[in-house]
There are 4 protein chains.
Amino acid sequence: MSKIKKIAVFTSGGDAPGMNACIRAVVRTALHFGCEVAGIKQGYQGMIDNNITEMSRHSVSNIMQLGGTILKTARCLDFRTPEGMQKAYDNLKLNGIDALVAIGGDGTFTGAERFSGIYNIPVICVPGTIDNDLYGSDFTLGFDTATNTVIEAIDKIRDTAESHDRLFFIEVMGRDAGCIALRAGIASGAEAIMMPEKDTAIIDLIKTLEEGAAQKKSSSIVIVAEGDKNGGAFNVAKKVKETFDFYDTKVTILGHLQRGGSPSSFDRILGCRMGFAAVKALLRGETRKMVGLRSNEIKLTDLKEALTDHEFKLEEDLLEMATILA
Amino acid sequence: MSKIKKIAVFTSGGDAPGMNACIRAVVRTALHFGCEVAGIKQGYQGMIDNNITEMSRHSVSNIMQLGGTILKTARCLDFRTPEGMQKAYDNLKLNGIDALVAIGGDGTFTGAERFSGIYNIPVICVPGTIDNDLYGSDFTLGFDTATNTVIEAIDKIRDTAESHDRLFFIEVMGRDAGCIALRAGIASGAEAIMMPEKDTAIIDLIKTLEEGAAQKKSSSIVIVAEGDKNGGAFNVAKKVKETFDFYDTKVTILGHLQRGGSPSSFDRILGCRMGFAAVKALLRGETRKMVGLRSNEIKLTDLKEALTDHEFKLEEDLLEMATILA
Amino acid sequence: MSKIKKIAVFTSGGDAPGMNACIRAVVRTALHFGCEVAGIKQGYQGMIDNNITEMSRHSVSNIMQLGGTILKTARCLDFRTPEGMQKAYDNLKLNGIDALVAIGGDGTFTGAERFSGIYNIPVICVPGTIDNDLYGSDFTLGFDTATNTVIEAIDKIRDTAESHDRLFFIEVMGRDAGCIALRAGIASGAEAIMMPEKDTAIIDLIKTLEEGAAQKKSSSIVIVAEGDKNGGAFNVAKKVKETFDFYDTKVTILGHLQRGGSPSSFDRILGCRMGFAAVKALLRGETRKMVGLRSNEIKLTDLKEALTDHEFKLEEDLLEMATILA
Amino acid sequence: MSKIKKIAVFTSGGDAPGMNACIRAVVRTALHFGCEVAGIKQGYQGMIDNNITEMSRHSVSNIMQLGGTILKTARCLDFRTPEGMQKAYDNLKLNGIDALVAIGGDGTFTGAERFSGIYNIPVICVPGTIDNDLYGSDFTLGFDTATNTVIEAIDKIRDTAESHDRLFFIEVMGRDAGCIALRAGIASGAEAIMMPEKDTAIIDLIKTLEEGAAQKKSSSIVIVAEGDKNGGAFNVAKKVKETFDFYDTKVTILGHLQRGGSPSSFDRILGCRMGFAAVKALLRGETRKMVGLRSNEIKLTDLKEALTDHEFKLEEDLLEMATILA
């Protein structure tokens, strides 16, 4: 039987829509099962700074629809040092905290795995990042909302594209992973998608655009993931313009607006399920696991396994579609 | 090897966001693999009336972001008669159509299964309905968008609820299935959810609301699926008011706005994947199957099996959460 | 020169999007000019209950984008009694409050005008109501957002209408005024608009619908203001159905979702301008006035004049357009 | 009495949301009053190329909610030559066109004014541009929607700003006019607004940001109009970063997504009113005028006067508010 009396929850790394739904679920589930709950502000930094607050049912009222995270996040270099970790641990003890729910990406998981190993404190991780690049879950928290945000932006650009016969380059997030670029590109009917996983030469891009022009497309939209090897939308636009003079080219950099916004239903439900499952896992004695959604069910994966270098693959049929349907 | 030369696509039953993405995928995939494509307007009725048109790449340009279906839908009683079916078949032959992609719900599937059996014409079905109540797919086309639409509406009502100390009843779609009610209820933090699957007595609802009042909730939102046994939001509100006088009660009937709206990224991708897979299935000789999304992959299910009476179950953890997190 | 040292702000009556922008402007403008500011919760009720709190720059951070009002509203019968007013006044004195900014509709204004007359406390009113039915301002706070909310809902219904050949009845707010119905009806291309100001007989509505059917319109949308003399959308639908059997009719009751939502740019700017002007007016010695937007400039009107019974008129060209463009 | 038998409508210059509402109003109003209507595709270019099509009531069905313009726009150098103008005129005669409604910005107006003077063909202009920089109308068609689009983007960035303690630079449209920057900046609570009309030195911007930091603001958002003298958001960010090291800075370039999107209620109504008034003006013999909204009423202004160099002024109270409320 579990002897956990007080669980702390925190968010770390880049924030993602749905984190608040997850925080709320952790708090209310833990309270329901008789535990106390603390919220740690600004991730590992708050652990070190003792920036820790009690959480009640009421403290998470009316937050599910908000973007960002009410607990804030911060990058924290100190937590990588033994002194930082010790301070963090001392503060957890000071606050009577027995167990952790960590919401974030692989940096967050790495910290949690090491910390839990050294201090023997149970921890369950929740994959919260808009990039959808973690092993062990079909979807990460925030990815669905971010993709919706991107397609709404592209739909608006398409309106004006349809009026003007222009070529648009739209830079989306994804330093290492093209998930957002690929899905948003297909879902918005983009003429070409440039991703870190796929080395698209400018010359091939131009060929695609010329074929589109030959089919009398009145406009073309090119999605460029920020991690594309050609160096971002401005650079791609510049290179295309050098040899493909016909078009008037325009660039949009969506930037951090992709991280914000009220979470979609999918991300709210995912946040609720993951937070709910994380607490239940802690209470039945699990530790150093991450929760994930697989086949529409919540499953646990060892953090060690999740953090091993997996070859990350984009869905085959999506890659095939990206050219056939465009 | 397939000898299919011309595929027809149609939408039938209630329309759902994402149908246009699916139509577009069917058309472009079929053309890509060397088939011609026809579009049948208004479902089975258009088959009988020979309301059939050729589809080109261009005819499906710039439709993915539109709600509804460019091919329209209609209910069709004539198709249930042998004469109607014969007429439909004659028109297909007249137009040189070898195979069908049918997008719709179980009524559509039943018609397709019978017709295909009698006339030996290959057919693949796509589950397009906002109700998410079909066997063989974790999600149906349109469900994600509809749930987003509902939570956006509830978020707005919550704004005013937070200002006013009121009790709101919101009626959502779902004659037989509480999928929308359950997900939207959790995702919007509703205080209570009334569904066809769960026989909630008014007295129990009142108890829940009284507990909320005791917790000093400043407002309460009750989701009522149209198929709830108490007879819709107006009736529930009336019955509650008879015994629970404290609150000012307000009713919203969302109605058909739940069917519309620009499809979410999830539904556009789902529509693309299903349309793409449906054509590929036809071309490799499959028939009388439905495509579905399971574990984030497209899988085929026999129509016969899909149409057998399965006990439809809502996700266990969601049902548990609905009361714990509220 | 003004001797005002502390201004209190409150919201009263039905809440409206943009109220938070106005509260924020009142607080920050007053602080900028060296006054203290208090916030009264739940309108006149909070004045009587001494539910009053100090406001700082920070207390209104990040609220402009929120629907509803952070100060909440409530109906208050006690304020109509001499005892209630006296209690309210005593509490204002207790808190050192010299002047008031009241945000609300004509009920709010009436209370403010009487109270200010009896106790000689300066007050400036801000027209905050989604109904746009106040004299002295081209637009009231919240009307623009509410109209946007309604047309977004109708656009979604139109999607499905275009797919189905149906007749939709949509009930919108407006017990005495058809402003929302008229503008939203025109802006969504509704086939007919039923308003309190215009006595539309069911027989005339049916004629309009028949003419539309003759023009082969594939769908028809009828907007019904809740104050229409035929008794709301359900009743209109029922009466039409009795004699006009052709169509499948569907009803949506938008209800309180029209009050919520993040305020539009127009309402945020209007809230800022009105709050800013209200404080400046108080500081230069004005009282018992309302601020209003006329010709894109802020103008003051005597409360007495604003509350006199003016014949309220809908814009002539809009009324003419409503039938010509439909 | 007017002898106009056929009116042509076209859109020219940058497209703007609401143009479709205006086209629809022109078509349906003209038909209502017994005129025929033609639509010229791609503005003056289509006039020269005889890209002209008959318009019916049905041809403008269901377009009001669409962004962009169904008639498309194009820049046209040929129209500045006598030969181009002559060709355009010949094509108008060929199509029996007696009068024009031109929707666009000052380039469009200049062409219309000259052409109408030379060939004595009646023309009424409609101010359609998101920049709101035309004389004779409080608001231009598309400005309201564009401002809403910008604040929705900034609201999303604010979500993540609130989580991260960062400094964001957001570039918005406005080469010569800061209308969008000013309104969107106030409506989103931006900490600083850089506009063409106001020469903000980087050193002053940094001072503002330092004051914000001193007030413990957790994040700061700077709006940069593309026409700001410091050379766009990337340059401003770079210059700030050189001397103000504390912050992590992020840049978003909204670009053409500001031109698209479904028009707001305000812009749809404005489009309807302006199109309606333009046709009525032609029919009562007016020419070489523009329609405008002043004091919530449609007024006419001589094109000559509208095109004279007016000093364009931003609203005084908005400029004052921009610093006081931030």
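In this predicted model, Arg183(B) is buried, at a relative accessible area of 6%. Its salt-bridge partner is Glu315(B), with the closest N and O atoms 2.9 Å apart. Arg183(B) belongs to helix α6 (residues 179–187) of chain B and Glu315(B) to the loop between α10 and α11 (316–324), so the pair ties together parts that are 132 residues apart in sequence. Glu315(B) is buried too, with a relative accessible area of 18%.

**Other salt bridges**

- Over all chains, a search of the whole structure finds 52 salt bridges.
- One of them joins the side chains of Lys304(B) and Glu113(B), at 3.1 Å from N to O.
- Lys304(B) is in helix α10 (residues 303–307) and Glu113(B) in helix α4 (residues 106–119) of chain B, so this pair ties together parts that are 191 residues apart in sequence.
- Lys304(B) counts as exposed, at 57% relative accessibility, whereas Glu113(B) is buried, at a relative accessible area of 12%.
- In chain C, Lys289(C) and Asp302(C) form a salt bridge whose closest N and O atoms are 3.9 Å apart.
- Lys289(C) sits in strand β10 (residues 289–294) and Asp302(C) in strand β11 (residues 297–302), so the bridge ties together parts that are 13 residues apart in sequence.
- Lys289(C) is buried, with a relative accessible area of 18%, while Asp302(C) is partly exposed, at 38%.
- In chain A, salt bridges with shared partners link Arg284(A), Glu286(A), Lys289(A) and Asp302(A) into one network.

**Helix α8 of chain A**

- Helix α8 (residues 232–243) of chain A has twelve residues, which at 1.5 Å a residue should span 16 Å; its end C-alpha atoms are 18 Å apart, which agrees.
- Buried in α8(A) are Gly232(A), Ala233(A), Val236(A), Ala237(A) and Val240(A).
- These residues lie on the same side of α8(A), because they cover an arc of only 165° around the axis.
- An α-helix has 3.6 residues a turn, so residues three or four places apart point the same way.
- Lys238(A) and Glu242(A), on the other side of α8(A), are exposed.
- The cover over the buried residues of α8(A) includes β6 (167–172), β7 (192–194), α7 (202–214), β8 (220–225) and β9 (249–253) of chain A.

**Surface patch and chain pairs**

- Leu66(A), Leu66(C) and Ile70(C) make a nonpolar surface patch of about 190 Å².
- Leu66(A) is in the loop between β3 (52–54) and α3 (82–94) of chain A, and is partly exposed at a relative accessible area of 31%.
- Chain A and chain C do not touch, their nearest C-alpha atoms being 10 Å apart.
- Chain B and chain D do not touch either, with their nearest C-alpha atoms 10 Å apart.

Key: Residues are numbered from 1 along each chain as its sequence is written. Chains are lettered from A and ligands numbered from 1 in the order in which they are written. This is a predicted model: local features need pLDDT of at least 70, side-chain atom pairs count only at pLDDT 80 or more; totals for chains, interfaces and linings use all residues. Side-chain values use heavy atoms; hydrogens and water are left out. Helices (H or I, at least four residues) and strands (E, at least two) are DSSP runs, numbered from the N terminus. The expected span of a helix is 1.5 Å times one less than its number of residues. Buried means under 20% relative accessible area, exposed over 50%, partly exposed in between (1.4 Å probe, protein chains only). The arc is that of the directions from the helix axis to the C-beta atoms. Contact means heavy atoms within 4.5 Å. Patches are made of residues with over 30% relative accessible area and no salt bridge: like charges are joined within 9 Å, nonpolar side chains (Val, Leu, Ile, Met, Phe, Trp, Tyr) within 5 Å. Accessible areas come from the Shrake-Rupley method with a 1.4 Å probe; for residues, only the protein chains shown count as cover. A salt bridge is a side-chain nitrogen of Lys or Arg within 4 Å of a carboxyl oxygen of Asp or Glu.
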